[in-house]
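Dear colleague,

I am passing on the structure that we talked about, and below it you will find my notes on what turned up in it. Please read them with the structure open beside you.

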Amino acid sequence: MAKDNLYTKDSGNAKIQDLAKNTEQGDGQFLTTNHGLRINDDQNSLKAGERGATLLEDFQLREKITHFDHERIPERIVHARGSAAHGYFELHESLSKYTKAKFLQTPGVRTPVFVRFSTVAGSRGSTDLARDVRGFSVKFYTEEGNYDLVGNNMPVFFIQDAVKFPDLVHAVKPEPHHEMPQAGSAHDTFWDFISLMPESMHMIMWAMSDRAIPRSLRMMEGFGVHTFRLVNENNESVFVKFHWKPVLGVHSVVWDEAQKISGKDSDFHRRDLWEAIESGNFPEWNFGVQIVAEKDEHKFEFDLLDPTKLIPEELVPVQIIGKMTLNRNPDNFFAETEQVAFHPGHIVSGIDFSNDPLLQGRLFSYTDTQLSRLGGPNFHEIPINRPIAPVHNNQRDGHMRQTINEGQSSYHPNTIGNGCPFQAKASEGGFVSYNERIDARKVRARSQSFFDHFSQATLFYNSQSAFEKNHIVNALRFELGKLETEAIRVRIVGMLTQIDPTLAAKVAKGLGMEVPKSPEKPMNLSIPADGDPKDFQPTSVVSSLKQSKALSMANTVKDNIKTRQIAILVADGVDEASLTAMKQALEAAGAKAKIIAPHLGQINSANGKQVKADQSFLTAASVLFDAVYVPDGQQSANALQAEPDAINFINEAFKHCKAIAADGAGAKFLNATDAGMKALGKNDVDKSKSTSGVLVDGSPKSFIAAIAQHRFWEREKQD
Ligand code: HDE
């Protein structure tokens, strides 16, 4: 492929398809063995007579079963459960002032990407709705090689040093003696570890917030987490943090809902991503950077190298420089989503690492893990991992080598191969590490500037709206409530006092315990054998910034209902006009409306027209929808009133603070539900503009405005 074609407007994933794919389609083809022999009978094994034993000679059977026996590869140690999609990144603002990375130079240029989202703790088949951090990995197939931005949906991490990662992961994974619980942090080993790691407290605030239970993978932020470096043509460097901001806003479900979704549809996020792309609703994120000049490295109250800290947007604004769009689902889950191998060390000239000790450790781990997961050193040759930039080097052989290297020389320097492949000068795109000055002693130690473990946890908590704070309190009560060891609860509540005394008091109240008067100093438990305890105490820093708007989801985008799933509850006798008017209005606004009825098939409307049910009450559930509408039609309303599942549908939608609308007799049915009694009985339904999110005037306009609000948290009991 001509190099100059790569960066035209219409370049994109078609190019990846050409270069990296090795597809197989059986359409119109004969069935064959792996060696190309046409198969005549794939229904019966070869036997000594119709009722006789199977013959060892049956090479066809043996090949098929052998391949099947080896179909599984080790799942990822962490981030095993994932979903992915193809797309492109389009640059809007040149970053040439800061970086020489080619894909960040020219506005309008599109770079193909493959993006994998994941949960961390669960196994491959675990639920999407676990309370967990989400991985947000982006592989940019740039002209200069693959660049992987392997981030999360939370901007900080639990630990400061890579050496603690195996401990953290062992603690959160199912407990080793009985392998429980799956994909959950609400158990003793996780909180035992956390109770001894005060540095985790900021991340714990994020993990206990609604960020850990996203409404959709398309509605999560993404963060590079670590501070990285950008390096320009003149070898000048700045520090940078990377951000992905979803165009649809950041939205979450509530914990009760998350647990129910896990039962009703444990593929909820995977399905949502897949269906959005299939229906042409391409997920989009704006890409932003926070730039810090090298001279400003030490001007903050925290250390830029500490991955338990974020840079508040009030201090350094996020500059949006481009947009990512996901527009194609993978063709094959295993070949692409499972075999993709990300690595923070896959970088391109113009981007470099900082000395964040967590990042430094990651630079070792990711190649190492692929060796056991993908079986050998040639995983870069798997189609999804192949760069679109040409690969030439003297690496040879190994398991499953695909490339047939020609020629006599496989070493450098050489004369036999005319010195090829040869090294590239920096001006030719050769990677040169940033020339950072280092003057240091070799020590096993942590910088004092990493010892503030609470100020940003407090900043995060104080930046939350009342309902978000409430959710954090409840999440902590839930998680700690599941513990069997009382002493762990005491230590955690002790640590919470250092974040916010009210938070600690509320959590303690829910657990039926006292806030400890003089909390244990947990760091004493994890100092080196001959360390001095006083050197390891968390230092007390009070953040000058009291609140940061960007940290609260209450301030997110709430201006549209695109891709929202709306349930319309109907039964025989429904008023067809009342149903159709709302359905059309919702769909015109970009939502997906589904008709739910007591049974599948056709429903007879009051005017005799038939309406097709999309789902029955058996297969549908309120937790799988964003809002619910009950159209007019007396007979339909009566039938729904006699249907416990329909009543439950409304009650759950109400409990989960969703918009509910009804028209005519539909409103009478609402009255029969607890939700309707509460909302309507209080008489707080203003016909044009409801603050409770329960609307009974059948107006599509008000319903659409209500759905766009995402949830009506005012309904929740505040503690
Ligand atoms: Fe990872 N991490 N990680 N991690 N990580 C892996 O690599 C590791 C960390 C992240 O969709 C593994 O291929 C260490 C932070 C994502 O395929 C493994 C440390 C962040 C994914 C690994 C960290 C991440 C991984 C497992 C501490 C956010 C999924 C399978 C030093 C910035 C990538 C694999 C995908 C996967 C190691 C910490 C993000 C074992 C040692 C911090 C999104 O190599």
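**Around the ligand**

A polar side-chain atom of R76 lies 2.7 Å from an oxygen atom of the ligand, which falls under the definition of a polar contact used here, a pair of N or O atoms within 3.5 Å, where within protein one must be able to donate a hydrogen and the other to accept it, and residues adjacent in sequence count only if both atoms are side-chain atoms. Please bear in mind that this is a predicted model, in which local features need pLDDT of at least 70 and side-chain atom pairs count only at pLDDT 80 or more, while totals for chains, interfaces and linings use all residues. Residues are numbered from 1 along each chain as its sequence is written, and side-chain values use heavy atoms, with hydrogens and water left out.

The shell holds 23 residues, of which R76, R116, S365, Y366 and Q370 come nearest; a residue is counted as near if one of its heavy atoms lies within 4 Å. Helix α9 (357-373) and the strands β3 (134-142) and β4 (145-152) each supply at least two residues of this shell, and α9 gives the most, with six. Helices (H or I, at least four residues) and strands (E, at least two) are DSSP runs, numbered from the N terminus.

Helix α9 also contains Y366, whose OH is the single protein donor to the iron atom of the ligand, 1.8 Å away. Donors are N, O and S atoms within 2.8 Å of the metal (3.2 Å for Na, K and Ca), and because water is not among the atoms, sites may look incomplete.

**Away from the ligand**

In helix α4 (residues 188-195), six of the eight residues are buried, meaning under 20% relative accessible area, with exposed over 50% and partly exposed in between (1.4 Å probe, protein chains only). Among them are F190, W191 and F193, and the buried residues of α4 pack against α3 (165-172), α5 (201-207), α11 (466-481) and α12 (486-499).

E257, in helix α6 (residues 255-264), is buried as well, with a relative accessible area of 1%. Leaving aside neighbours within four places in sequence, E257 is in contact (heavy atoms within 4.5 Å) with V623, H656, K658 and R711.

With best wishes
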